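Please read them with the coordinates open.

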Amino acid sequence: MSSTVIVFLLLYYVVVLGIGYWAMRRGAGEDLEGFLLGGRKVGPMATALTLQSTSMSGYMFLGAGGLGYLQGYWAMWFAAGDIGGGVLNLSIIGRRMRKLSQMMGALTSIEYLEKRYPSAAVRLFAGILTVFLLGFYVLAQLIAGGKGMALVTGIPYPLALAIAVGIVLVYTFMGGYLAVAYTDFFQSIIMLVGVMWIVIASLSELGGLTAANDAIAAVDPTLLSVWGRDLGFQGQWGVVAGALLIFSIGYMGWPHVVTRHMAMSQPATARKAGVYATVWNLFFVPAPYLVGILAILILPGLEDPEMAIFEVAGLLLPAAVTGLVMAAIMAAIMSTADSLLLQTGSIASRDLYERFINPQASEKQMVLVSRALVLVIAVIGYLVALIEPPSVFGIVIFATSVLGSAFLPAYVCAVWWRKANTPGALASMIVGASVAFLWEYLGLAASTQLAPMLTGVVSSTVAMIAVSLLTAKIAPVPADILQIMDEAARVGPIPPQLLAASDGAMGSEAAAIDIALSKRRD
Amino acid sequence: MTEPLYVIEGTVTAECASRQVRDLCDSDALQPAQPIYYPYHAFRAACTVATLIGRQERQLHCLVDAMNGQGATAEPFTTRLRVAAASEQMQPDISPTAAHAVARRTVSHHLGKALRMIAAFDIKLEAEGLVWKQFWVVGSTQYSVLVDSTNGAMHPLRSKAG
């Protein structure tokens, strides 16, 4: 990489730091978490772009491009599911989840599961599974960070990987990542503009989309079909369904995504944020896949297809723009890794250590547990990424399939189905995780033509329904939970404009006042 | 029977609350807004932590819901002594000791998320006693709405105002 790239890369970080300090000094920084009594609100557009920026992981910049490069337009099935995923999640579990988690007093998504399905086993299983799979997801970010850093700086991969892991660990242990809404907003704009710039530059290089498609047809016409290279997935609707589902409903199984629903502010803000996020997705999500497809022509015979986007950017963009865009991409990858490690550490210390091993644990002991786990994940991640790095695409698909299969019915039924009980939830989580894991591990997708995500979600849903109904008499849903669910679901004769303007943060006060007023009237 | 309470100062009056709901619902059949006072245990937290970008010191306010024990960080606020009828007050269920533990956990959780780091924060928690927030109950014989007097936020109620 040229010195201009490095200069603009550094310039990007200086600007981001400047924005962060400016935002903090004027008291507008903090985060998206609500303050009681607050006038400190972040608008829907900033909310949307911030969430999009922080959720864009190494997958989008390595996995998506790599898939497009290897399989052509087949990759667009994944993009199609991803575009509407955010709004789908918000519509299905958003508002009710926010209300229910608050009324139950749950701080984390795993704690929420235990409160809705009262059993220590639910928390234990969910906690262990989540820590294990988030560890995998962190691994994908570390590999992406290492590869990106190696390309940007020109230093060898093992050293670049060590630097990437080191930076993430320092952030996690010592703070310093200015996670304020304005810097995330800036980052998301740079990423969007940068990725669109790469697309336009690629199309311009190839004489437009039609010319590019003609050229791809000359290389291998099957790459233009939606069935993959050599029509390898022709007629395999079970695999197509898996590709569509993985980033649409699969997100609902992610604890860090569910946590965002728990912290959501007013439904009206969330709704507008959902619209902005979808518009952003419409432009952003297909772009990395498309760049990967176009890279078949721009960089034929690429040694590592997952580096397609970085390589195309380095080749076609002006050095200054390359520096800025790569800095934004690297920042997004590091930020995602940092968030995932924080989430994993928090689940290990609060949901497992404090809950099951040492209920009287001090803050210092919990911090020690969190840091020890984060360190173990980082060391294992470094070794795996160094010795035999798996593809970022493969890791993300594996982790999302198992998490989605394990938790999707549990989270959805928690808010929508009154009969969903503890044995049903436990059975659903165990069956879903096992089926998806075995399907991936044994490579059954190829022989059955059914994606692990599809079989996992179907089997966990069947388990939830069957076991909940069969055990309804011996393990009924507690009355207080049913009452809270009724409260959360209640609409009644409230004018719709009023419902749209209602503030979910007041749910618990409203419930207590309702009970008090009812008692007085009785 | 009346009792003096430390009430968090707010700017949303009964008239404002009624107007806000009326404007949204386009209805003239609303009952007059009724006050209700809701208790919180208030805490002030002085937090210090060394980070990569220097020592971070934060002053936070934390309110623990005295009815159900849920904690939340809060904007700085002032209180005013106000006399309220017993029928307008909710009776606290959560003890100050239990609230203290919740406040510590809430502040620690908030700092971890805000600073995005795993650290044992130095938190000095000072209890400021029970404070009350005034809500307005506005509505008709069909529905009623709770309006927060500090920021005008609204939430529908199951009970009818009539």
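1. A definition first, since several points rest on it: a residue is called buried if 20 or more other C-beta atoms lie within 10 Å of its own, exposed if 12 or fewer do, and partly exposed in between, with the C-beta atoms placed from the backbone. Helices (H or I, at least four residues) and strands (E, at least two) are DSSP runs, numbered from the N terminus. In strand S8 of chain B (residues 154–157) both faces are covered, for B:Met154 and B:Pro156 on one side are buried, and B:His155 and B:Leu157 on the other are buried as well.

2. This is a predicted model, in which local features need pLDDT of at least 70 and side-chain atom pairs count only at pLDDT 80 or more, while totals for chains, interfaces and linings use all residues. Residues are numbered from 1 along each chain as its sequence is written, and chains are lettered from A and ligands numbered from 1 in the order in which they are written.

3. On confidence, pLDDT is the predictor's confidence in each residue, from 0 to 100. For chain A the mean pLDDT is 82, and 84% of the residues reach 70 or more. Over residues 28–40 of chain A, however, pLDDT stays under 50, and the model has 41 contacts for this stretch beyond four places in sequence; a contact here means that the C-beta atoms of two residues, placed from the backbone, lie within 7 Å.

4. As to the make-up of the chains, chain A has 23 helices and 0 strands, and 58% of its 522 residues count as buried. Chain B has 2 helices and 8 strands, which run β-α-β-β-β-β-α-β-β-β from the N terminus on, and 46% of its 162 residues count as buried. The C-alpha atoms of chain B fill a box of roughly 60 × 35 × 25 Å along the principal axes.

5. Which share of the contacts joins residues at least 24 apart, among those in chain A between residues at least 6 apart in sequence? The share is 83%. In chain B, residues 24 or more positions apart account for 67% of the contacts with a separation of 6 or more.

6. Returning to the end of chain B, strand S7 (residues 144–148) pairs with S8(B) in the antiparallel sense over 4 bridges, where pairing requires that DSSP finds at least two bridges between the strands. B:Val147 stands opposite B:Met154 in S8(B). The two strands, S7(B) and S8(B), form a hairpin with 5 residues between them, and in the turn B:Gly152 has a positive phi of about 75°.

7. A nonpolar core is a set of buried Ala, Val, Leu, Ile, Met, Phe, Trp, Tyr and Cys residues joined through C-beta atoms within 7 Å. The largest such core has 222 residues, and those with the most contacts inside it are A:Leu142, A:Ala328, B:Leu146 and B:Val147. Helix H15 of chain A (residues 319–357) gives the most to this core, with 20 residues. Neighbours within four places aside, A:Leu142 is in contact with several residues, including A:Leu161, A:Ala337 and A:Tyr382.

8. H15(A), with 39 residues, reaches 53 Å from its first C-alpha to its last, close to the expected 57 Å, and 33 of its 39 residues are buried. Helix H6 (residues 120–153) of chain A has 34 residues and should span 50 Å, which agrees with the 48 Å between its end C-alpha atoms; because 26 of these 34 residues are buried, H6(A) is largely enclosed by the rest of the structure. Helix H3 (residues 58–71) of chain A has 14 residues and reaches 19 Å, close to the 20 Å expected, and since 14 of the 14 are buried, H3(A) too is largely enclosed by the rest of the structure.

9. Residues up to four places away aside, A:Ile92 touches A:Met252 and A:Val412, and its C-alpha lies 8.9 Å from that of A:Val415, which is 323 residues away in sequence.

Technical notes. The expected span of a helix is 1.5 Å times one less than its number of residues.
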